[in-house]
Amino acid sequence: MIFQQVVFYCFAATAIISALAILTTRNVLYAAFLLMITFLSIAAIYVFAAAEFIAIAQIMVYVGGILVLMVFGVMLTNRISGAAVTTGNHHRFWGLFIGISFFTLICTVIIKANFGQLPWIMSGRETYTAPVGTAINNIGIKLMTDFILPFEIAAIILLLALLGAAFVARKPQKN
Amino acid sequence: MIPIAHYLFLSAALFGIGLVIIITKKNAIVVLMGIELILNAANLNLIAFSQYDPTLIQGQSFALFVIIIAAAEAAVALAIILKVYHFYNTSVLHEVHNLGD
């Protein structure tokens, strides 16, 4: 139990530290790779919350897809090849002010709301048993019965996004 | 079990950092990274609450759809950034002033 907690807090600290490093670094490529560390540690935290399917989906979609896309974007919007792509900051005071005030607001709400004492969470904790096997079976049945309409709409949205991205990013045609 | 408040604090921290990145960074791709961080923070909340109903896993299913929307959004946004770069020769947001040509 203690070992579990230590590993959880290590992954949480890794996620927060690398997210802060994205904030402080000026190199866009470094930011992309730090984002990969953040995504991988968040995937590890999903495993702690008994969501191993979502963790694998996170690694495959975010680290394998979105991040590669972003690195391609960084490479393709590089004006001087060979020089590092850097980014500047602006509105520093207002950015930090809004971010810190939102963080304190959410933390105050979490402490005041005391989610650990909600009835359905209390009952869930009492009947909690260590997961046997995986939840993938359950997720598959849910996706094909209760969530069949959002599932099909997600398929159409992915197709539309593919077509739209290819249409927007195409080379202008000469005629 | 790890108390649910700790998941929520982690998610709040990621949300705050993503918000600061969106406001302060000049490069459009880094702003996109901030949006991805905020979507991940929302997913973390959904999954943290979902572990208390293992039979009716609504939170996990919803998180799956959030991941799908994030993938579609990143693809379209990067296509738009590439188009803006070809037109203005920059991906710095405050140098892009007008939409028309």
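**View 1. Asn40(B) is a buried residue, with a relative accessible area of 0%.** A word before going on: what you are looking at is a predicted model. Asn40(B) belongs to helix H2 of chain B. Because anything under 20% relative accessible area is called buried, its 0% puts Asn40(B) in that class. Which side chain of chain A makes a polar contact with the side chain of Asn40(B)? It's the side chain of Gln58(A), at 3.1 Å. Setting aside residues up to four places away in sequence, Asn40(B) touches Gln58(A) along with Phe39(A), Ile42(A), Tyr46(A) and Tyr62(A).

**View 2. Lys25(B) sits in the loop between H1 and H2 of chain B.** Is Lys25(B) buried or exposed? Its relative accessible area is 1%, so Lys25(B) is buried. Follow the side chain and you'll find a polar atom that lies 2.9 Å from the backbone oxygen of Leu23(A). The backbone oxygen of Thr25(A) is also reached by the side chain of Lys25(B), at 3.1 Å. Leaving aside neighbours within four places in sequence, the residues in contact with Lys25(B) include Ile22(A), Thr87(A), Gly88(A), Asn89(A) and His90(A) from chain A. From chain B itself, Val30(B) and Val31(B) are among the contacts of Lys25(B).

View 3. Met1(B), Met33(B) and Tyr52(B) supply 9% of what chain B buries against chain A, more than any other three residues. If you count residues instead, 67 of chain B are in contact with 82 of chain A. How many salt bridges are there between chain B and chain A? The count is 0. Polar contacts do turn up, though: 8 residue pairs across the two chains, with both partners at pLDDT 80 or more.

**View 4. H1, helix H2 (28-50) and H3 of chain B each supply at least two residues of the side that touches chain A.** Which helix gives the largest share of that side? H3(B) does, with 22 residues. Sorted by type, the residues of chain B on this side split into 48 nonpolar, 15 polar and 4 charged.

**View 5. Lys142(A) and Asp146(A) meet in a salt bridge through their side chains.** The N to O distance is 3.4 Å. A search over all chains of the structure finds 1 salt bridge.

**View 6. His91(A) and Asn114(A) have a positive phi, though neither is a glycine.** What makes that worth a look is the general rule that most residues other than glycine have a negative phi. For His91(A) the angle is about 50°. Where is His91(A)? It lies in the loop between helix H3 (52-76) and helix H4 (92-113) of chain A. With 49% relative accessibility, His91(A) counts as partly exposed. For Asn114(A), phi is about 55°. Asn114(A) is found in the loop between H4 and helix H5 (119-126) of chain A. At 41% relative accessibility, Asn114(A) is partly exposed too.

**View 7. Ala113(A) lies in helix H4 of chain A.** Its relative accessibility is 37%, so Ala113(A) counts as partly exposed. Now pick out Thr86(A), which is 27 residues from Ala113(A) along the chain. How many Å separate their C-alpha atoms? The separation is 42 Å.

**View 8. Chain B averages a pLDDT of 89.** In chain B, 97% of the residues score at least 70. Among the elements of chain B, helix H1 (residues 4-24) has the highest mean pLDDT, 94. The lowest mean, 91, goes to helix H3 (residues 58-88) of chain B. For the model as a whole, the scores are ipTM 0.91 and pTM 0.90.

Note on methods
Residues are numbered from 1 along each chain as its sequence is written. Chains are lettered from A and ligands numbered from 1 in the order in which they are written. Side-chain values use heavy atoms; hydrogens and water are left out. pLDDT is the predictor's confidence in each residue, from 0 to 100. Helices (H or I, at least four residues) and strands (E, at least two) are DSSP runs, numbered from the N terminus. Contact means heavy atoms within 4.5 Å. Buried area is the accessible area (1.4 Å probe) that two parts lose on being put together, summed over both. A salt bridge is a side-chain nitrogen of Lys or Arg within 4 Å of a carboxyl oxygen of Asp or Glu. A polar contact is a pair of N or O atoms within 3.5 Å; within protein, one must be able to donate a hydrogen and the other to accept it, and residues adjacent in sequence count only if both atoms are side-chain atoms. Ala, Val, Leu, Ile, Met, Phe, Trp, Tyr, Cys and Pro count as nonpolar, Asp, Glu, Lys and Arg as charged, and the others, Gly among them, as polar. Buried means under 20% relative accessible area, exposed over 50%, partly exposed in between (1.4 Å probe, protein chains only).
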